[in-house]
Amino acid sequence: MINNIQNKAKQSFIELGYPDRKSEDWKYTNTDKFSQCIPYNRDIPFNDSDSFLIDDSINIIIYNGSVLNNHNYKIDGLTIIHLDESLSKESLKNFSKIVTNNKNGVVAHNTAEFTDALHISIDKNFDFNIPINIIEISSGLRDNEIVFPRIYVHLENSSYAKIFIRKLDDNSCGCTNFLSEFYCEDSSSIEIVYLNEAKNQKSIDSLYFEQEDNSQIKFLSTSFGNDLYRSNINVDINGNNCFNDFGVLILGDRKSHTDFHVNMNHNKGNSVSNFLCRSMLRDRAKGYFNGKIFVKEYASLTDASLNNNNLLLSNDSSMQSNPQLEINNEDVKCAHGSTTGNLDQDSLFYLLSRSITQSQAEQILIKAFANKLLDMHNCKLLSIDQKVQNWIEQK
Amino acid sequence: MILFKDLKVKIDDKMIINNFNLEVSPGELHVIMGPNGSGKSTLAYTIAGHPKYSIESGEIIYKKELINDMSPEERSGNGIFLSLQYPISIPGVKNIYFLKSAINSLRKFQGKDEIDTIDFLKLVRGLLPLVGLDESFLHRSVNDGFSGGEKKRNEILQMLVLKPDLSILDETDSGLDIDALKIIAEGIKNYRNEKRSFILITHHHRILDSLKPDRVHILIDGEIVLSGGAELANKLEKEGYGWLRKKDLND
Ligand SMILES: Nc1ncnc2c1ncn2[C@@H]1O[C@H](COP(=O)(O)OP(=O)(O)O)[C@@H](O)[C@H]1O
Ligand SMILES: [Mg+2]
């Protein structure tokens, strides 16, 4: 069965390939490197796993695309399996629920080549309060190697989970084609905090979310000046009365390249979506934001917002921003907006006039800009607040 | 304390302050009144060193030193404080953090160690009742969602924390109800002593009743057209500025 899926994906990857810059959605990000890489299939042992573990949480390490905990386990309310031949038909059906028929070369490549996948499901009615901490680490990769980590998270009816994903590169380069899917059944609720610290890598993320009636998603992504980072976030609201709150914080420095693409699809009505992307760019960092709220004709009473605010901290940094709406229903509330600029001079003066030095005043205002997102999400476990502060202080 | 000699100030190429001359001695409280747009806030910002306001000519001498080119943070370090007519909101910065950064920066400037956290909290808690704010305001973002009156109280709180020698209070009494006005006036009054000076910009005589100003000056088109005692404020509030238009005075 899994072979079937992979063979099909191989076929479609051959047909589709990676999108090139002629395609409107990919005009800023060059994927050549991804096509040229060879899938990693060496076996480098990983010894340093303990240093990434967090107390009082369930820790799972995905190392160069393989799930390290080499046993499947189940504790009350939670099932974690990794996908190999032993996979039952039932979970496979879940596994391929979201992206199987996706006409997307990036997804096809992951599906064709992944060697392992993490499959997490939360039983119905279960408030799973222990954080699930996923460390996705690439180590020892050669410049021309690519890995295919893959995660599928399934929340059954009325369940709750909190998931942390931390992506690291252990100073190695190479490429990552990361795919993760989040399926939220009726009245389920999930919080996800994603931290991308793989600065030396080129990575493309494909994050797919699907919401059924009354489900809720809170999501925060933070990235720190990656060599090349493209993230595709696709949310399908397929139920009524759903709620979601997505935050993306981009900290770009050196010659980093960060490109976010978002599709917020309101396929049913009465749901609320909030998407806020904030970037702060210094040195020669480049940022791109393309987002679209798409409201289907029968999705009445949709309440959606899509905003992008950017802080340019150097003359050589740049941002391209393009939030869009496509609305096919009259009875909706949709807002979108974009701002790009420098630090507010009057705020700066206010701090200076209180004895605060220029450099500290700037740091305070930059942090305040990020706080808008950090304050909305509980991300203590990954010390994101401190990491952002360190980044601002250039530590 | 501070001396202005033939000061001319421009914003973008527009002259706003013309030939402004004034001396404020230690311990004195001077009042500046004048119609909207006459340049009162421009003067206040210029003293505090806002980069938008450029000194075309003339001198500002503070504590015997020419400060025309001094940075705002250095002016503050040397004891100049401006209470803004429209205090700025800074979402994402907690008021308590703002106050602590300010006091520690000031102490650093003065060559002192950072204040102990407990001492700092004691200090601020002791000052809150003097401006009529409760502790919850410390944990909100600076001025974010504060009412007009709360913002003004927060300005005075900052003044009391930073203990400036020269305070410029730009319409700190505007938009306050009578009770709030009393509290603020009382706060300023208690802070006054023979070493500290004030330049108080206002439209109302009420705050002056308890503050007993040394001089009242009337600013029109960026120039002092008349100076006098406290009684001038009463007259102005009753009769407006019409009788004072420069042209008439010259006649
Ligand atoms: N930041 C600014 N940019 C441009 N013009 C300004 C600015 N601030 C003040 N002005 C102009 O300067 C003049 C004086 O303003 P202001 O000092 O605020 O007066 P007042 O405080 O006496 O009401 C007005 O004509 C005003 O429009
Ligand atoms: Mg004014």
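Let's start inside chain A, where A:Lys162 and A:Glu191 form a salt bridge, with the closest N and O atoms 3.2 Å apart. This is a predicted model, by the way. The two partners come from distant parts of the chain: A:Lys162 sits in strand 10 and A:Glu191 in strand 12, 29 residues apart. Are they buried or exposed? A:Lys162 is buried at 8% relative accessible area, and A:Glu191 counts as buried too, at 19%.

Now for another pair in chain A. A:Arg254 and A:Asp253 meet in a salt bridge at 3.2 Å, N to O. Here A:Asp253 is buried, at 6%, while A:Arg254 is partly exposed, at 40%.

Over in chain B, the side chains of B:Arg192 and B:Asp214 meet at 3.4 Å. Back in chain A, shared partners join A:Arg42, A:Arg142 and A:Glu145 into one network. Over all chains, the structure holds 25 salt bridges.

On the chain A side, helix 5 and helix 6 each supply at least two of the touching residues. That side has eight nonpolar, seven polar and two charged residues.

Finally, the two chains bury about 1,900 Å² between them, 62% of it on carbon and sulfur atoms. A:Arg354 comes up again here: together with A:Phe349 and A:Tyr350, this residue accounts for 40% of what chain A's side buries.

Methods
Residues numbered from 1 in each chain as written. Chains lettered and ligands numbered in written order. Predicted model: local features only at pLDDT ≥ 70, side-chain atom pairs only at ≥ 80, totals over all residues. Heavy atoms only, no water. Buried area = accessible area lost by both parts, 1.4 Å probe. Helix = DSSP H or I, 4+ residues; strand = E, 2+ residues; numbered from the N terminus. Nonpolar A, V, L, I, M, F, W, Y, C, P; charged D, E, K, R; others polar. Salt bridge = Lys/Arg side-chain N within 4 Å of Asp/Glu carboxyl O. Buried < 20%, exposed > 50% of the residue type's maximum accessible area, 1.4 Å probe, protein only.
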